[in-house]
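Biologist: I would like to go through some labels with you. Please set each value against its definition.

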Amino acid sequence: QVQLVESGGGLVQAGDSLRLSCAASGRTFSTYIMGWFRQEPGKEREFVAQIFWGGVTYVADSVKGRFTISRDNTKNTVYLRIDSLKPEDTAVYCCAVSSKSLTIGPPDYWGQGTQVTVSS
């Protein structure tokens, strides 16, 4: 059974940094694409970033420069570092894993999400 478990969210202040983690289990994900989405209350889920098995990354233009995605294939874990947090970054951040690009269709697997709340 595949499981994606996120951690690292919480209540932070504007300007702080945060690193989210997503540990995947149930199979080997080294050849899969791993990434992150976020969803603010009342809004649609938004693609944030993805990282391919070889380390190539793609970050959404809306967060480029502040968000960094990385992965450790030996741990089946993907990370999302967020710098210079803004109140508008407040959202539930969900991990996703897929055999295809996260920008062209729904992922194969979703995590439950971790809440990030940024106070001004």
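This is a predicted model: local features need pLDDT of at least 70, side-chain atom pairs count only at pLDDT 80 or more; totals for chains, interfaces and linings use all residues.

Modeller: Residues are numbered from 1 along each chain as its sequence is written, and side-chain values use heavy atoms, with hydrogens and water left out.

Biologist: What makes the link of Cys22 and Cys95 a disulfide?

Modeller: A disulfide is a pair of cysteine sulfur atoms within 2.5 Å. The S to S distance between Cys22 and Cys95 is 2.1 Å, and the search of the whole structure finds one disulfide. Cys22 lies in strand β3 (residues 18-25) and Cys95 in strand β9 (residues 91-98), 73 residues apart, and the pair links distant parts of the chain. Strands here are DSSP runs of E, at least two residues, numbered from the N terminus. The link is left-handed, with -80 degrees about the S-S bond.

Biologist: Why is Cys94 called buried?

Modeller: Buried means under 20% relative accessible area, exposed over 50%, and partly exposed in between (1.4 Å probe, protein chains only). Cys94 has 7%, so Cys94 is buried. Cys22 and Cys95 are buried as well.

Biologist: Why does Arg38 count as buried?

Modeller: Its relative accessibility is 7%, and therefore Arg38 counts as buried. Arg38 is part of strand β4 (residues 33-39).

Biologist: How do you know that the side chain of Arg38 makes a polar contact with that of Asp89?

Modeller: A polar contact is a pair of N or O atoms within 3.5 Å; within protein, one must be able to donate a hydrogen and the other to accept it, and residues adjacent in sequence count only if both atoms are side-chain atoms. The side chains of Arg38 and Asp89 meet this at 3.0 Å. Arg38 also touches other residues, including Glu44, Val63 and Tyr93, where contact means heavy atoms within 4.5 Å.

Biologist: What makes β1 and β3 a pair?

Modeller: Two strands pair if DSSP finds at least two bridges between them. Strand β1 (residues 3-7) and β3 have five bridges, in the antiparallel sense, and Leu4 stands opposite Ala24 in β3. Strand β3 is also joined to strand β8 (residues 77-82) by six bridges, again antiparallel, with Tyr79 in β8 as the bridge partner of Ser21.

Note on methods. Helices (H or I, at least four residues) and strands (E, at least two) are DSSP runs, numbered from the N terminus. Lists of a residue's contacts leave out its neighbours within four places in sequence.
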